[in-house]
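Reader: I am new to reading structures. Please take me closely through one part, the nonpolar core, and the strands around that part.

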Amino acid sequence: MTVKTIYRKEINMKKNVIARISNRHMHMTEETLCKLFGENYELSVKKNLDPPIFAANETVTIEGPKGKIEGVRILGPVRQYNQVEILRSDKFKLGIDAPIKISGSKNLAPLKVTGPKGSIDFDSVALVPLRHIHFTEEQAKDFDVRKGQIVKVKVSTGDRKLIFDDVMIVITPGMPAPALDIDFEEANASCITADDLVEIIE
């Protein structure tokens with residue numbers, strides 16, 4: 001069954017959305033890519049995600065006052081801002097106080113990022129991502145939700161049924177179906193696996 005078929009038959013009728021699970025990763029600008037990997041460097045595709053987003057083969061090392069984490073995946077294509085999204089437990093290993101915020105926010109935690117050709121000390125780059133649901137404008141109208149709205153999401157599958165509070169609605173063009181984004185720690189807490197259906201509740 002295709003994602004579009006799922007959307008038509010199950011998601012839109014029941015206010016269900018697909019769950020997607022993310023690990024720590026980095027978004028970066030063209031300028032940062034060149035500094036870390038060399039002039040005119042282009043990211044190579046390891047796995048296509050929701051177009052045009054892809055997981056790149058390239059990784060970086062992130063470092064804070066207390067420790068570092070190697071093999072942090074870059075997500076392409078390049079963006080207009082630099083951002084490292086980490087797990088909450090990573091804060092303690094790195095020794096930083098990364099806030100829980102939505103992607104694209106400012107006033108983030110400082111972090112050193114190292115690639116094969118160089119390093120950059122960022123004053124504001126790291127966050128723990130606020131859980132959120134991606135909609136296109138049309139899908140948001142179908143669900144009667146709006147950008148920036150905070151909703152709750154009910155997890156009814158698995159052995160750890162729970163309700164996620166403080167889930168933000170974001171608008172993302174090109175989404176094949178609405179999708180809840182949570183990290184591995186949240187997925188483990190609720191026993192969610194990729195592509196499970198969860199329900200938006202009032």
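Author: Here is a walk through the core and then its strands. This is a predicted model, where local features need pLDDT of at least 70, side-chain atom pairs count only at pLDDT 80 or more, and totals for chains, interfaces and linings use all residues. Residues are numbered from 1 along each chain as its sequence is written, and side-chain values use heavy atoms, leaving out hydrogens and water.

A nonpolar core is a set of buried Ala, Val, Leu, Ile, Met, Phe, Trp, Tyr and Cys residues joined through side-chain atoms within 4.5 Å. Buried means under 20% relative accessible area, exposed over 50%, and partly exposed in between (1.4 Å probe, protein chains only). The largest such core has 26 residues. Val-60, Ile-62 and Val-84 have the most contacts inside it. Elements giving two or more residues to this core include helix H2 (30–37), strand S4 (54–63) and strand S9 (118–129). S9 gives the largest share, five residues. Helices (H or I, at least four residues) and strands (E, at least two) are DSSP runs, numbered from the N terminus.

Next, the strands. Two strands pair if DSSP finds at least two bridges between them. S4 and S5 run antiparallel, joined by six bridges. A hairpin of four residues links S4 to S5. Val-60 stands opposite Val-72 in S5. S5 also pairs with strand S2 (residues 25–27), in the parallel sense, over two bridges.
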